[in-house]
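Welcome! Open the structure in your viewer, get ready to select a few side chains, and follow along.

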Amino acid sequence: MADSKFNIKDRKNVYLIVVIIVCLGSGYWFYDSVWAEFQEKKQQLVYDQKNAQAELDKINAQRPRIPMLEADLQRAEIEFERLKEMFPEEEKVPLRLQDLYAVVRASGVNIKSFKPAGSQPKEHFVENNYSFEVNAGYHMLGYLFAEIANFNYPTTIDNLKLTRFGSLTQEIKKAEEHGWEPITMGVSFDLTTFTSRKK
């Protein structure tokens with residue numbers, strides 16, 4: 001019966017040990033350098049895929065809202081155009097004068113004076129000031145202010161001053177004779193409109 005003991009001095013056994021060590025070393029190197037890196041990349045790709053799928057699911061969930069969002073965008077564009085008209089980049093003095101002339105005629109007040117009083121730049125807009133002096137009756141003045149308030153652009157009225165009309169008794173007599181509303185007061189006020197400020 002052959003000797004079954006492992007002999008370290010036997011060349012075949014030495015080669016066997018070297019081959020086993022080389023195989024183990026190669027296996028460890030392959031695992032450490034290639035397989036571990038592959039697994040790490042694989043995990044990263046799986047993670048990225050899950051994130052991308054979650055993002056896609058969110059986008060797909062929003063798809064039914066596209067028509068509503070497009071309608072909202074159209075409304076916002078219309079509103080933006082309206083605001084641009086309300087707050088133009090330059091004061092449209094002739095158009096403002098036409099508007100004022102129309103409401104003054106409709107209200108029946110008598111203009112004593114009207115003059116632009118300059119502009120005041122603010123942080124985001126410019127105030128355009130106008131000074132008015134008119135003679136009017138109570139209802140005429142109310143109508144004038146109501147019409148100014150209904151302009152398609154923002155306006156403010158400041159420094160309103162009322163004084164008794166000079167020839168009130170005579171005016172009331174004329175009004176009774178001719179059937180019109182009497183002029184009872186002198187009115188002065190400042191009107192302000194607004195324009196957007198160029199940056």
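Start by selecting Phe125, which is partly exposed, with a relative accessible area of 30%. Here buried means under 20% relative accessible area, exposed means over 50%, and partly exposed lies in between (1.4 Å probe, protein chains only).

Before moving on, a word on what you are viewing: this is a predicted model, in which local features need pLDDT of at least 70 and side-chain atom pairs count only at pLDDT 80 or more, while totals for chains, interfaces and linings use all residues. Residues are numbered from 1 along each chain as its sequence is written, and side-chain values use heavy atoms, with hydrogens and water left out.

Rings of Phe, Tyr and Trp (its six-membered ring) pair if their centres lie within 6.5 Å; planes under 30 degrees apart count as stacked, over 60 as edge-to-face, and the rest as tilted. Phe125 lies in strand E2 and Phe194 in strand E4 (residues 185-196), so the pair ties together parts 69 residues apart in sequence. Strands (E, at least two residues) are DSSP runs, numbered from the N terminus.

How many aromatic pairs does the structure hold? There are 6 aromatic pairs. For another of them, select Phe114 and Phe132: this pair is tilted, 4.7 Å centre to centre with 50° between the planes. Phe114 sits in strand E1 (residues 110-121) and Phe132 in strand E2 (residues 125-136), 18 residues apart. Phe114 is partly exposed at 29% relative accessibility, whereas Phe132 is buried at 5%.

Definitions and conventions:
Helix = DSSP H or I, 4+ residues; strand = E, 2+ residues; numbered from the N terminus.
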